[in-house]
Each structure stands twice: as C-alpha cells, then as structure tokens.
Amino acid sequence: MSTSVLRLPVVLERTGYSRSRLYARISEGLFPRPIALGRRMAAWPEHEVEAVIAAHIRETPEADMAQLVERLHSMRATFGLARHDEVMIGLSGAPEPERVLSESHGLAKLTA
C-alpha cells in the first residue's frame, strides 16, 4: 500500500473536480477528508484518492461511496501498524487495510 500523500493541486488534477466541488464532496461524505501535515498544510493519502477514483470508474452508487469513505477514514487509526501492534494498543477490531482496499477496488467480488 502506498504511503504517499497528495496536495490539493494534484488531487484536483487527478479527480477533475474544482476546489469547491471537492470540498462539497467531502462535506457530503463522498470524498475522504484531508490529513493535517502541519498547522496550515493538508494532504490526502494517495491510496484513498485512488480508491475513490476506482469506485467512480465502477459507477459506485453514492450510498456505497459514502460507506467506502467511512471505511477509509476508520483505517487511518491503524495505518502502518502490524496486526500485533493493533492488539497491543487495543485496536484489534479495526478493519484490515488490505481487505478494505481490495473490496473498494472490486477485488473481493472476484476472489470471494
């Protein structure tokens, strides 16, 4: 899984959204919120942007898109941790990042 982050101009370029449309989608729960990189700096995890773009390509309904965004947000608490680290800090019930991303890219349906 990529650990790159994308700043606003790159996200706008990749999605084709205007700035106002991007922030409207975020407020509607249909696009991931940015992460803070500092007091005045924010970016989006690349894998989250790619998951949303893939869902658009599949013509995912908005209700399913909102669920995808919610799952992506919940994965942030354990991003980069091994499963044994999650158990140590009490997050063992968190979704497995690889499974959520596979499901968001439609791979679970092919393999399940």
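1. Let's start with Leu37, which counts as partly exposed because its relative accessibility is 40% (buried means under 20% relative accessible area, exposed over 50%, and partly exposed in between, with a 1.4 Å probe and protein chains only). Leu37 sits in strand S2.

2. A word on the basis: this is a predicted model, in which local features need pLDDT of at least 70 and side-chain atom pairs count only at pLDDT 80 or more, while totals for chains, interfaces and linings use all residues. Residues are numbered from 1 along each chain as its sequence is written, and side-chain values use heavy atoms, with hydrogens and water left out.

3. Accessible areas come from the Shrake-Rupley method with a 1.4 Å probe; for residues, only the protein chains shown count as cover.

4. Strand S2 (residues 35-38) runs antiparallel to strand S3 (residues 41-45), and three bridges join them. Ile35 has Ala43 as its bridge partner in S3, and the hairpin from S2 to S3 passes through two residues. Two strands pair if DSSP finds at least two bridges between them.

5. Now the whole protein chain: seven helices and three strands, in the order β-α-α-β-β-α-α-α-α-α from the N terminus. Helices (H or I, at least four residues) and strands (E, at least two) are DSSP runs, numbered from the N terminus.

6. Of the 112 residues in the protein chain, 33% are buried. The protein chain exposes about 7000 Å², with 54% of that supplied by carbon and sulfur atoms.
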